[in-house]
Amino acid sequence: MSERIEIAGRAFDLSHPDKVLFPATGATKYDLVDHYARVAEVALPHWRGRPVSMERYPDGVEAEGFFQKNAPDYFPRWIKRFELPKEGGTVDHVVADDAATMAYLAAQGCITPHLGLSRVDRPEHPDRLILDLDPSDDDFAKVREGARRAKRLLDRIGAPAFVQTTGSRGFHVVVPLDRSADFEAARALAHGLAGRLAEDAPDLLTIEQRKEKRGDRVFVDWLRNAYGQTAVAPYAVRARAQAPVATPLDWDEALGGTGPQDYTLANIFRRLGQKADPWRGIARHGIAVATLRERLEAAAKSCE
């Protein structure tokens with residue numbers, strides 16, 4: 001059984017539209033495709049020009065899934081691709097620049113697209129720096145306090161700061177960059193920021209990579225700030241029982257009561273109908289890594 005889908009002049013066959021992908025909620029493959037088609041208007045400014053890594057669950061979230069970076073040969077020719085170098089070869093990434101591509105990926109069981117931190121026109125120069133606040137236990141209040149401290153530090157050095165739920169367990173704190181620096185410089189800055197946060201709150205936050213050494217502290221994960229690494233796409237559905245959606249937030253929401261899985265397939269459009277995208281215009285706030293590095297060093301000296 002299949003259904004012909006047409007979005008913005010592009011058509012494809014959706015096989016088994018009634019297949020349940022999220023048994024806990026009953027959400028189907030059609031529901032997933034519909035989500036990405038509808039959310040495209042608000043999501044595409046954050047997705048365009050970025051390489052996509054696909055987290056696919058063709059048989060639903062209770063079955064085994066897999067990650068895929070290379071675009072399969074059977075994808076339609078209208079799906080935009082971009083070849084990027086990797087160690088020992090290249091990767092032919094999908095680039096989701098339109099609603100039809102977003103919906104088609106969902107039709108292929110891609111529940112969660114993950115996006116590169118740079119755009120394909122300048123792949124070595126990131127325009128996002130991300131600190132992933134990853135809890136070691138179920139006490140989300142620690143994550144919220146970690147986000148509060150991150151915002152305070154970023155405000156102190158004049159860094160534009162944005163936040164989103166991951167749709168999983170934590171928050172992403174995001175700084176838009178102006179693409180003047182390469183990944184090596186951005187990664188060093190991310191390490192410096194994470195290290196400063198952990199030094200200031202050693203009982204709450206850590207940059208310890210080994211899980212057994214973190215205890216019950218929140219891991220400030222700066223490691224994804226590297227070439228070839230990705231982060232969950234804004235407004236992407238996560239492969240969790242209730243179909244949570246990674247959702248950009250205002251800071252008062254993040255520091256108030258919003259949790260990492262509060263927005264889902266079932267309620268995200270109610271939110272979008274009531275509230276503008278908190279990340280709207282994020283690219284206009286891009287700042288130089290060198291500027292932030294100098295300010296962070298100055299801030300450290302002032303505390304000595």
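1. Pocket terms. On a 1 Å grid over the protein atoms alone, a pocket is an open set of points where a 1.4 Å probe fits, with protein on both sides within 12 Å along at least five of seven lines; lining residues have an atom within 4 Å of a point. Grid points are joined across faces, edges and corners, and a volume is the space filled by probe spheres set on the points. The model is predicted: local features need pLDDT of at least 70, side-chain atom pairs count only at pLDDT 80 or more, and totals for chains, interfaces and linings use all residues. Residues are numbered from 1 along each chain as its sequence is written, and side-chain values use heavy atoms, without hydrogens or water.

2. Largest pocket. Its volume is about 560 Å³. The lining has 28 residues, with Asp-132, Asp-134, Asp-221, Arg-224 and Arg-238 nearest the centre. Strands E6 (66-68), E10, E14 and E15 (230-232) each give two or more residues to this lining. Strands (E, at least two residues) and helices (H or I, at least four) are DSSP runs, numbered from the N terminus. By class, the lining holds seven nonpolar, eleven polar and ten charged residues. Here Ala, Val, Leu, Ile, Met, Phe, Trp, Tyr, Cys and Pro count as nonpolar, Asp, Glu, Lys and Arg as charged, and the others, Gly among them, as polar.

3. Second largest pocket. This one has about 230 Å³. Of its 20 lining residues, Leu-84, His-93, Tyr-227, Gly-228 and Gln-229 are the closest to the centre. Strand E7 gives the largest share, three residues. The lining divides into ten nonpolar, seven polar and three charged residues.

4. Thr-112. This residue sits in strand E9 (residues 110-116). Thr-112 counts as buried because its relative accessibility is 0%; the cut-off is under 20% relative accessible area (1.4 Å probe, protein chains only). A polar atom of its side chain lies 2.5 Å from the backbone oxygen of Val-237. Beyond four places in sequence, the contacts of Thr-112 (heavy atoms within 4.5 Å) include Tyr-36, Met-54, Val-237 and Arg-238.

5. Helix H4. H4 (residues 183-200) has 18 residues and reaches 26 Å from first C-alpha to last, close to the 26 Å expected at 1.5 Å a residue. That expected span is 1.5 Å times one less than the number of residues. At the N-terminal end, Asp-182 caps H4: a side-chain oxygen lies 3.2 Å from the backbone nitrogen of Glu-184. Among the buried residues of H4 are Phe-183, Leu-189, Leu-193 and Arg-196. The buried residues pack against elements including helix H3 (140-156) and helix H7 (289-302).

Technical notes
Buried < 20%, exposed > 50% of the residue type's maximum accessible area, 1.4 Å probe, protein only. Polar contact = N/O pair within 3.5 Å; in protein donor to acceptor, adjacent residues only side chain to side chain.
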